[in-house]
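Subject: Structure for your review

Hello,

The structure is below, followed by notes on what was found in it.

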Amino acid sequence: MSEQTNKIKYMTFSETQELKSEIDPKIKTGDYITLGQILDVAPDTARMRYHRDNEEAILSMQKIITARESLIQSVKNNS
């Protein structure tokens with residue numbers, strides 16, 4: 001988690017909203033569980049941090065979604 005914290009670049013409000021508009025339609029319920037594990041908090045707390053525009057939560061959620069989509073595509077291609 002500390003390595004990821006060092007990469008936070010302090011997004012502007014408009015950058016945050018733009019990124020969330022791309023992420024929101026792709027979020028699955030289990031993603032909040034994973035986000036909670038990354039942030040070392042309960043899933044409900046992770047969800048609230050995401051909805052309150054916490055930058056670490058938003059960037060982590062983006063990574064979760066990207067990794068999930070990549071994994072799904074990789075498995076489909078190898079079947």
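H2 passes H5 in a left-handed crossing (left-handed if the near helix is turned anticlockwise from the far one by less than a right angle, right-handed if clockwise). Helices are DSSP runs of H or I with at least four residues, numbered from the N terminus. The axes of H2 and H5 come within 11 Å and cross at roughly 30°; axes are lines fitted to C-alpha atoms over the stretch in contact, with angles from 0 to 180 degrees between N-to-C directions. H2 is therefore roughly parallel to H5 (angles under 35 degrees). Thr16, Leu19, Lys20 and Ile23 of H2 meet Ile58, Leu59, Met61, Gln62 and Ile65 of H5, where contact means heavy atoms within 4.5 Å.

This is a predicted model: local features need pLDDT of at least 70, side-chain atom pairs count only at pLDDT 80 or more, and totals for chains, interfaces and linings use all residues. Residues are numbered from 1 along each chain as its sequence is written, and side-chain values use heavy atoms, leaving out hydrogens and water.

Beyond four places in sequence, Ile27 touches Tyr32, Tyr50, Met61 and Ile65.

Asp31, in helix H3, is buried at 5% relative accessible area (buried is under 20%, 1.4 Å probe, protein chains only). Its side chain reaches the backbone nitrogen of Lys28 at 2.8 Å.

Regards

Definitions and conventions
Helix = DSSP H or I, 4+ residues; strand = E, 2+ residues; numbered from the N terminus. Buried < 20%, exposed > 50% of the residue type's maximum accessible area, 1.4 Å probe, protein only. Polar contact = N/O pair within 3.5 Å; in protein donor to acceptor, adjacent residues only side chain to side chain. Parallel < 35°, antiparallel > 145°, perpendicular 65-115°, else oblique.
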